[in-house]
Structure formats: structure tokens, C-alpha cells
Amino acid sequence: MGKSGFYIELKTIADIRDFVSKVTKLEYEVDLEQNRYIIDAKSIMGIFALDLLAPIRVMCHTDDPSAFYEEIEKYRVADPEK
């Protein structure tokens with residue numbers, strides 16, 4: 001099983017709710033990484049513990065996350081490390 005990712009921004013409570021509702025439908029694990037923190041993307045409380053003013057890396061633990069990526073494309077931002 002692969003691990004791939006990209007960066008997103010969740011700017012409002014509605015964004016967070018929408019994102020979590022999409023993630024909870026998945027059969028595989030999705031993590032959010034920011035600095036030294038890694039949280040379960042299905043955890044609303046965990047997301048609120050992150051700095052929502054900074055990009056968040058989404059890591060999908062599957063070989064083919066393309067359908068999920070398309071669903072959350074509106075939250076995608078440029079890689080801040082590039």
C-alpha cells in the first residue's frame with residue numbers, strides 16, 4: 001500500500017466539516033501532517049488542534065487516492081516547501 005500526499009487549507013468550520021465528511025467515507029486511512037504533528041483526518045477535534053492559518057499536508061495510505069483527491073481539489077494549495 002502506498003503513501004502519497006499534497007497540501008490543503010481549511011479556512012472555515014464549514015470547510016472542516018465538508019472535508020471530514022468526505023474522509024469518513026473512505027475505507028483507507030488518511031492523516032494530516034503539520035510540523036511535528038500527525039493527526040487522523042477523520043477527527044474534527046484533531047483538525048482544530050492544527051494551525052489553520054498554515055497549509056496542512058494530507059497523506060493517504062492507499063495505492064490509488066485519485067478519486068479522493070478530485071473530491072477535495074477545492075482545498076488544495078501549492079506545496080509551501082517548493
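Guide: The expected span of a helix is 1.5 Å times one less than its number of residues. The structure discussed here is a predicted model.

Visitor: How far does H1 reach from its first C-alpha to its last?

Guide: H1 reaches 16 Å across its twelve residues, close to the 16 Å expected at 1.5 Å a residue.

Visitor: Which residues of H1 are buried?

Guide: The buried residues of H1 are Asp15, Ile16, Phe19, Val20, Lys22 and Val23.

Visitor: Where do the buried residues of H1 fall, seen down the axis?

Guide: The buried residues of H1 fall within an arc of 160° in that view, so they line one face of the helix.

Visitor: Turning to the largest nonpolar core, which residues touch the most other members?

Guide: The core has 22 residues, and those touching the most other members are Ile8, Phe19, Val30, Leu32, Ile47, Val58 and Phe68. At least two residues of this core come from each of strand E1 (4-8), helix H1 (13-24), strand E2 (30-34), strand E4 (56-60) and helix H3 (66-71).

Visitor: Which gives the most to this core?

Guide: H1 does, with four residues. In soluble globular proteins, nonpolar side chains tend to be buried together.

Visitor: What is Ile8 in contact with, leaving aside its neighbours within four places in sequence?

Guide: With those neighbours set aside, Ile8 is in contact with Phe19, Leu32, Pro55, Ile56, Val58, Tyr75, Arg76 and Val77.

Visitor: What is the bridge partner of Leu32 in E4?

Guide: Leu32 has Val58 as its bridge partner in E4. E2 and E4 run antiparallel and are joined by four bridges.

Visitor: How many residues of E4 are buried?

Guide: Four of the five residues of E4 are buried, and the strand is mostly covered.

Visitor: A change of topic: how many salt bridges are found in the whole structure?

Guide: A search of the whole structure gives four salt bridges. One of them joins Lys74 to Asp18, with the closest N and O atoms 3.5 Å apart. This pair links distant parts of the chain, 56 residues apart: Lys74 lies in the loop between H3 and strand E5 (76-77), and Asp18 lies in helix H1.

Visitor: What about Glu9 and Lys11?

Guide: Their side chains meet in a salt bridge at 3.6 Å, N to O. Lys11 is exposed, with a relative accessible area of 65%, whereas Glu9 counts as partly exposed at 21% relative accessibility.

Visitor: And which residue forms a salt bridge with Arg76?

Guide: Glu73 does, the closest N and O atoms being 3.9 Å apart.

Technical notes. Residues are numbered from 1 along each chain as its sequence is written. This is a predicted model: local features need pLDDT of at least 70, side-chain atom pairs count only at pLDDT 80 or more; totals for chains, interfaces and linings use all residues. Side-chain values use heavy atoms; hydrogens and water are left out. A nonpolar core is a set of buried Ala, Val, Leu, Ile, Met, Phe, Trp, Tyr and Cys residues joined through side-chain atoms within 4.5 Å. Buried means under 20% relative accessible area, exposed over 50%, partly exposed in between (1.4 Å probe, protein chains only). Contact means heavy atoms within 4.5 Å. The arc is that of the directions from the helix axis to the C-beta atoms. Two strands pair if DSSP finds at least two bridges between them.
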